[in-house]
Amino acid sequence: MRLARRVATITGAAVLAVAVVQPSAFAGPVGSGWTEHNPSWNLQIQSKGVITSYPSSTNSASGPGGSYLRSGGVQTFKLFNNGSNRVEARIQDNYRTGQRQFEGELKVTAGTDDESAMQIFGNDGDGATTLMIRSFTRNGGTLRGGGKDLVSGINGKWVRVNVTHNATATGGSYSIYINGKHVHTANGPKGDHYFKYGVYGTLKTASAEHQWRNVHFYRK
């Protein structure tokens with residue numbers, strides 16, 4: 001991952017058939033005209049309603065019910081009891097307008113159910129989020145986002161996820177790509193946006209774990 005600057009603050013739908021393959025180490029953005037950029041970020045672990053933030057240089061951290069480990073280019077985000085419900089990387093690139101793209105490779109550990117893996121935060125309406133991509137146990141592991149199943153049979157496999165977001169003063173739209181294949185586009189609300197990824201949600205199983213690698217950010 002090319003993310004550097006330190007930040008230290010204490011604070012059952014139908015399955016879409018998409019072939020799951022092992023993505024390349026660095027495939028690059030979908031579409032043309034994108035420039036990679038390297039926004040700062042910080043790790044957040046929420047425990048009993050309190051968020052603790054750690055600098056991006058952190059290689060390991062834990063709360064009462066969640067943990068983070070970075071090793072060999074892989075970031076592992078884990079929940080192991082209800083003492084924590086969020087272990088996430090919060091990208092410090094807030095925007096209301098403009099085009100942004102997230103890219104990363106995700107591996108979901110079997111048993112993880114109904115947990116957010118990646119989101120576009122920001123919504124001036126009743127909700128807080130524009131898009132949340134979540135992992136479910138059904139059908140060998142399923143990613144769901146934008147109100148539809150995106151891909152199944154993913155547990156234990158690296159899956160490349162690209163999300164583009166065209167934010168405008170009146171709302172805009174986002175698109176989701178799985179292993180380079182376009183699977184969904186929808187309109188989104190206006191808001192103060194930023195990307196987050198990791199594992200987030202009320203634990204429903206014994207544990208939940210998402211791994212991310214080769215995370216990149218683009219804009220134009």
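Leaving aside neighbours within four places in sequence, Lys 196 is in contact (heavy atoms within 4.5 Å) with Gln 44, Arg 86, Glu 88, Ala 89, Arg 90, Ala 117, Met 118 and Gln 119. This is a predicted model: local features need pLDDT of at least 70, side-chain atom pairs count only at pLDDT 80 or more, and totals for chains, interfaces and linings use all residues. Residues are numbered from 1 along each chain as its sequence is written, and side-chain values use heavy atoms, with hydrogens and water left out.

**Chain overview**

- The chain has zero helices and 17 strands. Both are DSSP runs numbered from the N terminus: helices are H or I with at least four residues, strands are E with at least two.
- Of the 220 residues in the chain, 50% are buried. Buried means under 20% relative accessible area, exposed means over 50%, and partly exposed lies in between (1.4 Å probe, protein chains only).
- The chain exposes about 9100 Å², and carbon and sulfur atoms supply 48% of that area. Accessible areas come from the Shrake-Rupley method with a 1.4 Å probe; for residues, only the protein chains shown count as cover.

- Lys 196 sits in strand E16, which covers residues 194-200.
- Lys 196 counts as buried because its relative accessibility is 3%.
- Its side chain makes a polar contact with the side chain of Gln 44, at 3.5 Å. A polar contact is a pair of N or O atoms within 3.5 Å; within protein, one must be able to donate a hydrogen and the other to accept it, and residues adjacent in sequence count only if both atoms are side-chain atoms.
- Lys 196 also belongs to a network of salt bridges with Arg 86 and Glu 88.

**Salt bridges**

- The structure holds 11 salt bridges. Each is a side-chain nitrogen of Lys or Arg within 4 Å of a carboxyl oxygen of Asp or Glu.
- Side chains of opposite charge can pair when their charged atoms come close.
- Asp 93 pairs with Arg 100 in a salt bridge, with the closest N and O atoms 2.9 Å apart. Both Asp 93 and Arg 100 are buried.
- Arg 96 forms a salt bridge with Asp 192, where the closest N and O atoms are 3.0 Å apart. Arg 96 is in the loop between strand E7 (84-91) and strand E8 (98-108), and Asp 192 is in the loop between strand E15 (181-187) and E16, so the pair ties together parts 96 residues apart in sequence.
- Arg 96 is partly exposed, at 36% relative accessible area. Asp 192 also counts as partly exposed, at 44% relative accessibility.
- Arg 213 forms a salt bridge with Glu 105; their closest N and O atoms are 2.7 Å apart. Here strand E17 (residues 208-219) holds Arg 213 and strand E8 holds Glu 105, linking distant parts of the chain, 108 residues apart.
- Glu 105 is buried because its relative accessible area is 2%. Arg 213 is partly exposed, with 21%.

**Positive phi angles**

- Asn 139 has a positive phi near 55°, in a residue other than glycine. Asn 139 is placed in the loop between strand E10 (129-136) and strand E11 (142-145).
- With a relative accessible area of 48%, Asn 139 is partly exposed.
- Asn 179 is not a glycine, yet its phi is positive, about 50°. Asn 179 lies in the loop between strand E14 (171-178) and E15.
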